[in-house]
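I opened my notebook to look up how some side chains sit together in this structure. Come along and check each entry against the view.

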Amino acid sequence: MGGDEFIAIIPCADKKLIESMISHFKEMVDDENKANPDAQLSVAYGYALSTEFENAEVALVYKKADDRMYETKRRMKQTEFSS
């Protein structure tokens, strides 16, 4: 979308598939961070499914995914500051 934000549209995906993909991405980022401790990556994910909405307009699905991504970023910052 902009700067450092990316969108993936995955037709016919369900929650289980998306959460599995996110888990796999997190593992890859963790592996990369272990291999390169001086250049740590930080990734926040957010997703939404069109099935969550009665009227699944693309803008609504995008906004929900974006909101969730920013909520993940907030939680990551809180964890970072509390440790």
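**Entry 1: a charge over a ring**

I began with the rule I needed: a charge sits over a ring if NZ of Lys or CZ of Arg is within 6 Å of the ring centre and within 35 degrees of the ring normal. I also noted that the model is a predicted one. With the rule in hand, I looked at Arg68 and found its charged end over the ring of Tyr47, 5.7 Å from the ring's centre.

**Entry 2: what else does Arg68 do?**

I then asked which residue forms a salt bridge with Arg68. The partner is Glu52, and the closest N and O atoms of the two are 2.6 Å apart. I checked where the two sit: Glu52 belongs to the loop between α1 and α2, while Arg68 is in helix α2, 16 residues apart, so I wrote down that this pair links distant parts of the chain. Next came accessibility. Arg68 has a relative accessible area of 29% and is partly exposed. Glu52 is partly exposed as well, at 35%.

**Entry 3: other salt bridges**

How many salt bridges does the structure hold? I wrote down 5.

Another one of them joins Asp67 to Lys63, with 3.0 Å between the closest N and O atoms. Both residues lie in helix α2, 4 residues apart, and that is about one turn of the helix. I looked up their accessibility too: Asp67 is partly exposed at 37%, and Lys63 is partly exposed at 48%.

I also found a bridge between Arg74 and Glu71, whose closest N and O atoms are 3.1 Å apart. These two are 3 residues apart in helix α2, so about one helical turn separates them. Arg74 has a relative accessibility of 45% and counts as partly exposed; Glu71, at 33%, counts as partly exposed too.

**Entry 4: two rings**

I reminded myself that a pair of aromatic rings is described by the distance of the centres and the angle of the planes. My count came to 1 aromatic pair. The pair is Phe25 with Tyr45: their ring centres are 6.4 Å apart and their planes meet at 10 degrees, so the pair is stacked. The cut-off behind that word is an angle under 30 degrees.

Where do the two residues lie? I placed Phe25 in helix α1 (residues 15–35) and Tyr45 in the loop between α1 and α2 (58–82), so this pair ties together parts that are 20 residues apart in sequence.

Is Tyr45 buried or exposed? Tyr45 has a relative accessible area of 19%, so I put it down as buried, since buried means under 20%. Phe25 has 35% relative accessibility and counts as partly exposed.

**Entry 5: a buried Asn**

My last stop was Asn33, which I found in helix α1. Asn33 counts as buried because its relative accessibility is 10%, and the cut-off is under 20%. I then asked which residues Asn33 is in contact with, leaving aside its neighbours within four places in sequence. I listed Ala39, Gln40 and Leu41.

Terms used
Residues are numbered from 1 along each chain as its sequence is written. This is a predicted model: local features need pLDDT of at least 70, side-chain atom pairs count only at pLDDT 80 or more; totals for chains, interfaces and linings use all residues. Side-chain values use heavy atoms; hydrogens and water are left out. Rings of Phe, Tyr and Trp (its six-membered ring) pair if their centres lie within 6.5 Å; planes under 30 degrees apart count as stacked, over 60 as edge-to-face and the rest as tilted. Buried means under 20% relative accessible area, exposed over 50%, partly exposed in between (1.4 Å probe, protein chains only). Contact means heavy atoms within 4.5 Å. A salt bridge is a side-chain nitrogen of Lys or Arg within 4 Å of a carboxyl oxygen of Asp or Glu.
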